[in-house]
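Hi,

Here is the structure I promised to pass along. Have a look at it first, and then read on for my notes.

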Amino acid sequence: MALLAAALILTTLPALWRLLHGPTTADRLLCVQMLGTASIALLLLMAEWQQQDHWRDVALVLALLGAVISAALVQLLRPARRDNVRRQEKSS
Amino acid sequence: MNPALSSMALPLLAGLLLLLAGPGLMRRWGGTLTLIVSVASGLAAWMALQSTLDSSRQEALLGGWEEGLAIRLELTALSALLLLFTALIHGLVALYAQFSRHGVSHAYWPLSCLLHGTLAALWLSGDLFNLYVTLELLGLVSVALLTQSGPRAWRPALNYLVLSLAASLCYLLGVAILYGQYGLLDIELLSGVTENDAVTRLALVLMTGGLMLKAAMWPLHGWLPAAHASAPTAVSALLSALVVKGPLFILWRLWSEVAPADLAIQAGPLFAAAGIAALIGGGYASLRSPYIKTLVAYSTVAQMGYAMMALGLLLFWQHPQMHVALWLFVIAHGLAKASLFMAAGEIQHTVGTTRISGLRGATQTAPIAMFAFAVAGGSLIGLPPSGGFLSKWVLLGPLLNDPWNWPWAAGVFLGTLVSAAYVFRAVIMAFDRVHIKRVNLNPDHTAQWLAMLPALLVWAMALSGNWLVQWLAGGGI
Amino acid sequence: MTIVTAYLLAGLALFLIGLHGLLTLQSMLRRIMAVNLMGSGVFLVLTALAARLPETDPVLHALVVTGLVVSISATALALRLHGALERHREDG
Amino acid sequence: MTVALEGLRIVLLAGGLFFFVTGSLGLLRFPDTYTRLHAVTKADNVGLGLLVAGLSLHSLEWQSTALMLLIWLFVMASGATSAQLLARYQREQDRQESASNGNR
Amino acid sequence: MEIAEAVLDTALIGLLLTMAWATLHTQRMSAAIALFAGFGMVLALIWARLRAPDLALAEAAIGAGLTSALLLRAASITREETIRIPTSRLWLRWLFVTAVFAWLAVHVLALSTLDGGHSLPELVTGQTPNSGVRHPVTAVLLNFRAWDTLLELLVLLLALLGFRQIARHNRHPYDADHHPAPWPLLKAWSRSLAPLLVVTGGYLLWRGSDDPGGAFQAGAVLAAALVLLRLSGQLPVFRWSRWTVRLAALTGPALFLSVAIGSAVMGEGWLNYPDNASTLLIVLIESAATVSIAVTLAFLVAGEEEDIAE
């Protein structure tokens, strides 16, 4: 179990590299999402391993907040310009 | 205990009520309610002070739980006096803010009430972590008050906020280490068990660093002048007179109760030396300052030097008279500084500039405010028979008795000289009738008189000096 | 090297990384982040101390929850202040 | 029976790990943002699903299995949506960039 | 097994410290913020590793969630500043930091084997049945050290008041028209996400008296729901000038303070709940605090300046 957990942690290292090197902001948000999924997996593993039900709740909150964050951040990141608004209205 | 608790709860409740009432009602009734509450809180504090004279010390374990588990609130003669002092300064500043023409916006009232309540909670608390929360509360309420004067105060406010956060975290790390060592957060229980070992010393160093930064004690004072000088006048008065005293109080409790006695004796001279450095460094900066309010703000840095010196010598000799000197000084400085800031604000508005050079001829153009400035300045210098003189007299007593202590006394005299220099620099300029500045022809006399009020009180302090000394010496330690 | 020791040291290291950042960095946003890291370091020390006992220490956990609220409040205010300051500077 | 169950469990957990590794390799090696989006939101979700399956075989308590399934379903939904949102955001950015290049 | 655990701990700590360092020293702000969000997730894992479920819940909601939204909002206004990496005497600085670390570490290591007399945790465990709730952390937060929690709610309120001060004086408000309209997909997604968040928040609050969870965690999750709905344009603007909004933000501290005053006037003493009513009072206070925390955090993260200014 612990071995699996350690291996899971190690799979996040490439994400860390991508996070640092980008190149785009979307890539970085993607990495955060990847880290989130890995953390959820790890929490579920730890719940089983330590026989602690609480970690599943933590995983649930993390999953929910991860979803909120990727949605909210995208909306916050979109550049605030008037011409942009018009283009959106045309396309939709 | 109940009068003290109501002295704390009233302003908190008033603050929340004002916020709930909304801007419209706040604009109309905010000042009145604040004044009523500060008077009521002051009366409650007076009752608390009376009750401490009978039985020297009262305490409450919150929630009725055992020692250690519960947060302890303590009421001593000193904390009752500080409650009274807080209510007094809050009331005086509120009076000024209410009746001055260029007073404050309605959002000031709930914030100043919350500040009052926070400080009261701080004076009463006897628990290291609870003190951390009150410290943070104090920091945030100060920032909220600072930002009132608009964009020019934002950068100093942000700097202050970030530094004060870092300082509280240093304090919290120290609390964590003490808890790790002794498993306790209660000051009184801790005072019985602390030992002079490396871990305790580390914790005390961390906490002291954080608190000194919060109290703007030399050499961690850099944030203060910009912050205090950029605030609205009433806010500067509150910040300089009250807020910096909070961390000082915690520092005093930490070193006189939590720290083992032999360690406190070792640390005393360091505090005292830092105090002298603050007196000289802060005084010099004040002397060179080109702005009126910056001069007053730097003088806070310098004056905190006296407090630090009294604290250091108190720790070094464990002499009760030093304890009296420390708190007399805090009260005298609070009153004088409130008056100085309010007078400076009035002068600024009358002569229309923030620069010191604007003081030229102020004795003619804003005579009442300038008189208040000079009177309050006199207390800072320590001219008899002011409160400042009283505290210095008590401080100097034991220093002059023994020739070995004369170097410290020399430090006090040097500090006095520097204070005299920066106060007289402003006052002399005010007597310059040759280059009188063009002025506002409709000065606000009420506000100027109100600015004078605390200065008169600080001189009156000398008259009631006997009682004050008695109270402080009686139940304080 | 027990878990407690390892995380105690990690907490101290985090505190110092934050403190070092606070003292050396120029950008205000980074300094706010640095203070946050300092806070996380202190909380890590507290939680590691709580894990010394077979049953974790509830007092320390409660203290950290309180500390977290304080820290998010102050961070939020600092970031809002910073944002307003930046816009003010931009608009002259 | 238990041996078979245990074997299945190990296979499932290993499979989960394999997909996580694949996902992160994809994140590292794929050439552009759009392809990388696939790597993370698809492979990792499969990985999480296999892991959940393996773990539920272990515990066989219905509450925890249900909660884990819920989490997995939720992560899948969230992955699908945020992949869309991120891709749209990226396309918007690309268009703006090309527009500003065209103006020049 | 032991080795694998050591690998796990080393990996977690390594990841944590690398991310912390990189957050401060990476060149681009967007990378720093993403790293900060990742840092929050790793910290949540570490809280789980250290058997602190209350903290893991709080960190998952706050550190990984709301803080990064706050940071991003601030950063979107800030001009991108590249960090100058100082090259001179870098080793000296490193030496200094390492020395300070070693000094701290030597002292603090002694604490890892002490148990601090563990009288306080035993007291808490012993008294928890009398506190009105069964979860010891909640008992500490809302009964034994309720005074801290009351002051902490005031801290949160003051952050909001500070924000209000700033907004009132800002002559260059963020023009709401400039915000791009949210995509329909985002709207649909937030419509389905928000109820889930509300249910989870309610669940955390309800569970708080028996199990990890409680007002703060629930409030943070609810705040996330409000933020999401606000950003996707589905929530009517909440304005400070409405008394309902003010009431929602103030209800937690106001109720708590009233209970404190009431217990001092009519009962045993400040914050000393009557024995038979302590469960009820704690539940009431927790619910009110959850509402206040949610509204306040939502204001701080997603509130526009003109919402709060007047």
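Below is what I found at two of the interfaces.

Please keep in mind that this is a predicted model.

Let me start with chain C and chain E. The contact takes in 66 residues of chain C and 85 residues of chain E. About 6900 Å² is buried between these two chains, with carbon and sulfur atoms giving 76% of that area. On the chain C side, Arg30(C), Arg80(C) and Arg87(C) supply 12% of what chain C buries against chain E, more than any other three residues. Even so, zero salt bridges turn up across this interface, while ten residue pairs are in polar contact. Helix 1 (3–24), helix 2 (28–50) and helix 3 (58–91) of chain C each give two or more residues to the side touching chain E, and helix 3 of chain C gives the most, with 27 residues. By type, that side of chain C has 39 nonpolar, 18 polar and nine charged residues.

Now for chain A and chain E. Here 49 residues of chain A meet 60 residues of chain E, and the two chains bury about 4900 Å² between them, 79% of it on carbon and sulfur atoms. There is one salt bridge between them: Asp57(A) pairs with Arg207(E), and their closest N and O atoms are 2.3 Å apart. Two residue pairs are in polar contact. Helix 3 of chain A gives the most to the side that touches chain E, with 19 residues. The residues on that side of chain A divide into 35 nonpolar, nine polar and five charged.

Best wishes

Note on methods
Residues numbered from 1 in each chain as written. Chains lettered and ligands numbered in written order. Predicted model: local features only at pLDDT ≥ 70, side-chain atom pairs only at ≥ 80, totals over all residues. Heavy atoms only, no water. Contact = heavy atoms within 4.5 Å. Buried area = accessible area lost by both parts, 1.4 Å probe. Salt bridge = Lys/Arg side-chain N within 4 Å of Asp/Glu carboxyl O. Polar contact = N/O pair within 3.5 Å; in protein donor to acceptor, adjacent residues only side chain to side chain. Helix = DSSP H or I, 4+ residues; strand = E, 2+ residues; numbered from the N terminus. Nonpolar A, V, L, I, M, F, W, Y, C, P; charged D, E, K, R; others polar.
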